[in-house]
Amino acid sequence: MTVLEQTPGRDESGARPTPPTAGWRPRTDPAPLLPDETPFRLLGTGARLDKRRKELWRELYRGLVHGRRYNRQATALTRQGRLAVYPSSTGQEACEVAAALALAEQDWLFPSYRDTLAVVARGVDPVEALTLLRGDWHTGYDPRAVRVAPLSTPLATQLPHAVGLAHAARLRGDDVVALAMVGDGGTSEGDFHEALNFAAVWRAPVVFLVQNNGFAISVPLAKQTAAPSLAHKAVGYGVPGRLVDGNDAPAVHQVLGEAVAHARAGGGPTLVEALTYRVEAHTNADDATRYRTDEDVAPWLGHDPVALLEAELRNRRLLTDREADAIAEEAEAMAADLRGRMNTDPALDPEDLFAHVYAEPTTHLREQAAMLRGELAADAADDPDRADTPARRRATGRDDHADDHRQNHQERAA
Ligand SMILES: Cc1ncc(C[n+]2csc(CCOP(=O)(O)OP(=O)(O)O)c2C)c(N)n1
Ligand SMILES: [Mg+2]
């Protein structure tokens, strides 16, 4: 099917432009696309819960507690030199966990570099989720096996990928929805606009989750956009925009769930803006005190996603001290396991840097790989302590170790 052959969207008359005489109307009514006037919330509203939702809220809580512990552990690993960089999502756990839980098994998640928690909540091994940030491999998991795209460092590039995958699935008749995560800063990237436009025109089954955490590194939201809200950006493309309290996990889950169901039913994309806050610095390499004060952060500490959900669950008698302790203990065990496994030295071959970049390596990459191989071999020859490196082993024909590593990776990917 070509683009021209596709069923037209809401505006069936779009193919026949008419002169702009009196009686002009917008091609589609923008009113239903406009975001809610206030962010959608569930916590503190007295919402009635059936048994299934009670279970869901408890599951969300468990995910948030694990997520917070994971963030703390990963940040500690950067200080110990075990992880190159970690963009913490502390304060944003509700968005992370709700995004993962809103998807069905066959759906796809397209995370940004800040979304390790969503990746883990979707079922990826906690260590494999950190492989990119550790600098070992481009991705530590097989994206196809877990239906999670690699964590994307180039801002917003994951969005057109998500649209392409969702559109392709729709053309094939597969029941797949893609959920793509992006930051407030990412909404000023060209890729964001192109993705929304294509998604709308193609009615692709994709949901965009913008985590508005107030900052793009040191740049506050007001300095990078004049939009009334980020959810309003959707309207210009003919996409519904929705606004949600990003620290209210059940609310985020509900809004995303509705958007996923809408996409699955053929209704096309939705843009969800979740209002949240980056409580910690951009990454461990950033000093946030240079551009914001403790007073700026304080109100958000009082609107903490874990504390909010915990208080509500306890009020509703859906969480006992014993259950809370058991969840905390489980999280502690997860952190200990993460610590233990991250504290072992992986067997790495620097030449793997060039693997999996292109299906067929380009001439440039082959040249660079040869250059690196030469340098490593020369280093190893100069320094006997470094003699037992993969490059040295390869140079001397003893490269079983690197082969083992490659084979392990291939087996994991299989
Ligand atoms: C295309 C591109 N341009 C610039 C950068 C450098 N950069 C990394 S993170 C970042 C800020 C992004 O902010 P936001 O989208 O709000 O996400 P957050 O870090 O707050 O989750 C920038 C500019 C990049 N990674 N990719
Ligand atoms: Mg941001």
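Predicted model: local features only at pLDDT ≥ 70, side-chain atom pairs only at ≥ 80, totals over all residues.

Reply:
**Helix packing, close up**

Residues are numbered from 1 along each chain as its sequence is written, and chains are lettered from A and ligands numbered from 1 in the order in which they are written.

Helices (H or I, at least four residues) and strands (E, at least two) are DSSP runs, numbered from the N terminus. The axes of helix H1, residues 51-79, and H8 come within 10 Å and cross at roughly 115°, where axes are lines fitted to C-alpha atoms, for helices over the stretch in contact, and angles run from 0 to 180 degrees between N-to-C directions. H1 and H8 are therefore roughly perpendicular to each other (65 to 115 degrees; under 35 is roughly parallel, over 145 roughly antiparallel, the rest oblique). From H1, Leu56, Trp57, Leu60 and Leu64 make the contact with Ala249, Pro250 and His253 of H8, contact meaning that C-beta atoms, placed from the backbone, lie within 7 Å. By class, six of these residues are nonpolar, one is polar and none is charged (nonpolar: Ala, Val, Leu, Ile, Met, Phe, Trp, Tyr, Cys and Pro; charged: Asp, Glu, Lys and Arg; polar: the others, Gly among them).

H8, residues 249-264, also packs with helix H2, residues 93-101, their axes coming within 8 Å and crossing at roughly 40°, and this crossing too is right-handed. Here Ala94, Cys95, Val97, Ala98, Ala99 and Leu101 of H2 meet Ala249, Val252, His253 and Leu256 of H8, a contact that divides into nine nonpolar residues, one polar and no charged.

Thr276 sits in the loop between strand S7 (270-275) and helix H9 (294-301), and it is buried because 28 other C-beta atoms lie within 10 Å (buried means 20 or more, exposed 12 or fewer, partly exposed in between).

As for confidence, the chain has a mean pLDDT (the predictor's confidence in each residue, from 0 to 100) of 90, with 89% of its residues at 70 or more.

Definitions and conventions:
Left-handed = near helix turned anticlockwise from the far one by under 90°. Contact = placed C-beta atoms within 7 Å.
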